Protein chains: 2
Amino acid sequence: MSVTAAKGFTAAGIAAGIKENGNPDLALVVNNGPRRAAAGVFTSNRVKAAPVLWSEQVLKSGQLAAVVLNSGGANACTGPKGFQDTHATAEKAAELLGVGAGEVAVCSTGLIGVLLPMDKLLPGVETAAGLLSEHGGEKAAIAIKTTDTVHKTSVVTKDGWTVGGMAKGAGMLAPGLATMLVVLTTDADLDAGTLDKALRAATRVTFDRVDSDGCMSTNDTVLLLASGASGIAPEYAEFAEAVRTVCDDLGQQLIRDAEGASKDIKVEVVNAATEQDAVQVGRTIARNNLLKCAIHGEDPNWGRVLSAIGTTDAAFEPDRLNVAINGVWVCKNGGVGEDRELVDMRYREVHIVADLAAGSETATIWTNDLTADYVHENSAYSS
Amino acid sequence: MSVTAAKGFTAAGIAAGIKENGNPDLALVVNNGPRRAAAGVFTSNRVKAAPVLWSEQVLKSGQLAAVVLNSGGANACTGPKGFQDTHATAEKAAELLGVGAGEVAVCSTGLIGVLLPMDKLLPGVETAAGLLSEHGGEKAAIAIKTTDTVHKTSVVTKDGWTVGGMAKGAGMLAPGLATMLVVLTTDADLDAGTLDKALRAATRVTFDRVDSDGCMSTNDTVLLLASGASGIAPEYAEFAEAVRTVCDDLGQQLIRDAEGASKDIKVEVVNAATEQDAVQVGRTIARNNLLKCAIHGEDPNWGRVLSAIGTTDAAFEPDRLNVAINGVWVCKNGGVGEDRELVDMRYREVHIVADLAAGSETATIWTNDLTADYVHENSAYSS
């Protein structure tokens, strides 16, 4: 159901010929109102793609009528011409939909440093506009895939209103935000400020805590559009919870489809002095290549967890650290704990708990293992 | 020649049975004076192995009579028992050599979280002490190998005095210090303060700028011992230069032997506002898994260089960045530069220049590519 699960939205996904293999590569999502409130969160990478620069600007009004998304090219590091192309894309969609270009966000994903084939993209926008449908969410989700093996959608329906969305992302997945494009829609009747607050609260504890390979993209974008078509204005807490649930679900789908991964790794840091410490330690563990290799080999190598923790400036004493892998406390008080032979690592999900014994804060970071398939995919594929 | 190239030193390397495969695993280096000045630099990992805690303490006197080194076990995360074992090792060597235990440094490398087999190690120290020789440097260098495919030694001889050394390290190689054990010796007649100054100046621009896989060890140790046996006290600048040359050579040997690597990558950051910015940007590029995969695939993927630079807080403007790969400026002013097809990546050494256009400072970080062999080695081998 994706971005058209909520009332008031139409979408389309087509093959415009941007990808040389002929796969779907262009999506259009339209908010038909009555409201057109919107919020967005973008990559914190200082090298930002043209569509990110454009969409950040557009979002300042708190209003969006449509989003054009393309795969097959990131339009990043493409200079003034790249920005003109993004602008022309928004103008084209605006003209077709009878709205202003300043109400159209643009998202791109694919290879960095290559100009988009505008002779294919602009006619594609026209084709997509002609195919807009209340059932188009699935096709839109398919059209934004790059190395994703599956398309990702999620929907939460509450009492009379809905939050739904789609996501893409499989590599260059790291925090601030996890590298990806996400469009969320809702028919709840809420203003842009409320959307912004709920979206930031949700991404901070979901996408921001997904760290597949430590590489932050130039194109990360998460948009939330509200049509108000349900006529219902839910309580903030309930709405925020729904947004977080959809973000969490999509984030999990991103990790499960990470390039080359054979294990999904949940790194849970407990008893940290601060939440910031917990996040820092979790992220550092999640980015340790040696540990990620060990997990791939089903080796409960807790020494690599400790050596990772030791590189952070979080509050802890080395001789009070405890580490559990899949429920077995293999490290106690900084030394050898329960027998590592007891750890069962046959399943896809691996759960690492790092106990800092320094407070009561906690955070969970999701990552995956490092595999030869990841290397193969990323040494052969320019993305 | 290794650690016995300088006059006044004897060494031995033997198989004590610590490694189950029977390979050499114990080295002893002795300073026979007349001076016994020494300096050391240790891992900045907060989780420090027992031998690091011991040797840091011992070095406070600025004096060392001997160093015992073992491979086959890191003696890290081994609690009070691990520290007792290190102490017993130093006591044993001290007793055999007729010196104080407080003049004996200990270094260990291998698997974290396992106690050393002291019933093999202590008799090994005795055997090694009986085999000490002015020609033992090579055997000592061989005995400290773990996953190293070759042993590493380097010697610089000046006018009547010498600096020589040995190193081990192939994985868990990252800054502060690059993960490794290094023992340097000199027959120059210098005090501990001078040794310390020269050693810190050298490691800061050599081992500290080697970053194979971003993983910092619990056991990194670099020691410099001076016997004074040449009777010559060289000028500081000349001595510091010799120490830096040996460190640089050993650092290069570490990178060339990095686990699974097929490419040695020199990341040179130029025109940075500060040296700190240059080092930060160089390290961030060197740690980008996606870029390391691309280099493995001989793909001059400069977009991944820019996306890495963008995650730093160094001073730069995105639209003024330039990147050269093997002499071709593939990125100019943050956008497409010279034709990437011109980049020849057939050779083992790859040279990336990142021009921040923000000042005049520079730094070079050495790393290597990320390969399926690295994954295989580190998913199968507990280290």
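**Annotated binding-site residues and backbone features**

In this predicted model, A:Asn378 is found in helix α10 of chain A, which spans residues 372-380. The residue is listed in an unreviewed UniProt entry under "binding site", together with A:Thr146, A:Lys168, A:Thr179, A:Glu259 and A:Ser383. With a relative accessible area of 0%, A:Asn378 falls under the 20% limit and therefore counts as buried. Another residue of that UniProt list, A:Lys168, lies in strand β7 of chain A, formed by residues 162-168. The relative accessibility of A:Lys168 is 5%, so this residue also counts as buried, and its side chain is joined to that of A:Thr109 by a polar contact of 2.8 Å.

Attention may next be given to the backbone. Most residues other than glycine have a negative phi, and most peptide bonds are trans. In chain A, however, the peptide bond from A:Gly33 to A:Pro34 is cis, with omega near 20°, and A:Pro34 is placed in the loop between β2 (26-31) and β3 (37-42). In chain B, the bond from B:Gly33 to B:Pro34 is likewise cis, with omega near 15°, and B:Pro34 is placed in the loop between β2 (26-31) and β3 (37-42) of that chain.

Positive phi values occur in chain B at B:Asn326, where phi is near 45°, and at B:Ala357, where phi is near 50°. B:Asn326 belongs to the loop between β11 (322-325) and β12 (328-332), and its relative accessible area of 26% makes the residue partly exposed. B:Ala357, in the loop between β14 (349-355) and β15 (361-368), is partly exposed at a relative accessible area of 24%.

Note on methods
Residues are numbered from 1 along each chain as its sequence is written. Chains are lettered from A and ligands numbered from 1 in the order in which they are written. This is a predicted model: local features need pLDDT of at least 70, side-chain atom pairs count only at pLDDT 80 or more; totals for chains, interfaces and linings use all residues. Side-chain values use heavy atoms; hydrogens and water are left out. UniProt positions are given in the numbering used here, feature names are shortened, and annotations may be inferred rather than shown by experiment. Helices (H or I, at least four residues) and strands (E, at least two) are DSSP runs, numbered from the N terminus. Buried means under 20% relative accessible area, exposed over 50%, partly exposed in between (1.4 Å probe, protein chains only). A polar contact is a pair of N or O atoms within 3.5 Å; within protein, one must be able to donate a hydrogen and the other to accept it, and residues adjacent in sequence count only if both atoms are side-chain atoms.
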